[in-house]
Amino acid sequence: MLNLEVMKDGFPPVIIKVENRLAYYEALDKAHTTEDYSDFIALVEREVEDSLDVYLSTIS
């Protein structure tokens with residue numbers, strides 16, 4: 001679902017690295033249970049930037 005939403009806005013799919021997967025699930029759970037999306041948004045922003053770096057490095 002996350003990648004569908006990001007791709008609809010013109011971004012490439014987000015790669016959630018294995019070492020960040022637990023933090024992703026915790027942020028997602030916090031957003032769902034408390035409606036505080038700040039941790040989730042911050043994590044997704046970092047992962048989008050990292051994913052863009054990966055994609056751009058492959059085409060350079």
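I began with the buried residues of α3 and listed Phe40, Leu43, Val44, Glu47, Val48 and Ser51. They sit on the same side of α3, because the arc they cover around the axis is only 140 degrees. I then looked at the other side of α3, where Glu49 and Asp53 are exposed. I note here that the model is predicted.

Next I checked the length of α3. Its 22 residues should span 32 Å at 1.5 Å a residue, and the end C-alpha atoms are 32 Å apart, so the two agree.

**Rings**

I searched the whole structure for aromatic pairs and got 2. I looked up the pair of Tyr24 and Phe40, which is tilted, with 5.8 Å centre to centre and 45 degrees between the planes. Tyr24 belongs to helix α2 and Phe40 to helix α3 (residues 38-59), so this pair ties together parts 16 residues apart in sequence. Tyr24 counts as buried because its relative accessibility is 13%, and Phe40 counts as buried at 15%; the cut-off for buried is under 20%. I also noted that ring pairs link Tyr24, Tyr25 and Phe40 into a cluster.

**Salt bridges**

I counted 5 salt bridges. What does the side chain of Glu47 meet in a salt bridge? I found the side chain of Lys17, at 2.9 Å from N to O. This pair links distant parts of the chain, with Lys17 in the loop between α1 and α2 and Glu47 in helix α3, 30 residues apart. I compared burial for the two partners: Glu47 is buried, at 2% relative accessibility, whereas Lys17 is partly exposed at 25%.

I then went to Lys30, which is partly exposed with a relative accessible area of 29%. Lys30 forms a salt bridge with Asp36, and the closest N and O atoms are 3.4 Å apart. The side chain of Lys30 also meets that of Asp39 in a salt bridge, at 2.8 Å from N to O. I recorded Asp39 as partly exposed at 39% relative accessibility. Salt bridges that share partners also join Lys17, Glu47 and Asp50 into one network.

**Surface**

Last, I looked for nonpolar residues on the surface. Ile15, Val54 and Tyr55 form a nonpolar patch there, with about 230 Å² of accessible area together. I placed Ile15 in the loop between α1 (2-8) and α2 (21-34). Ile15 is partly exposed, with a relative accessible area of 39%.

Definitions and conventions:
Residues numbered from 1 in each chain as written. Predicted model: local features only at pLDDT ≥ 70, side-chain atom pairs only at ≥ 80, totals over all residues. Heavy atoms only, no water. Patch = residues over 30% accessible without salt bridge, like charges linked within 9 Å, V, L, I, M, F, W, Y side chains within 5 Å. Areas by Shrake-Rupley, 256 points an atom, 1.4 Å probe, with all protein chains shown as cover. Salt bridge = Lys/Arg side-chain N within 4 Å of Asp/Glu carboxyl O. Helix = DSSP H or I, 4+ residues; strand = E, 2+ residues; numbered from the N terminus. Buried < 20%, exposed > 50% of the residue type's maximum accessible area, 1.4 Å probe, protein only. Phe/Tyr/Trp six-rings, centres within 6.5 Å; stacked < 30°, edge-to-face > 60°. Expected span 1.5 Å × (residues − 1). Arc of directions from axis to C-beta.
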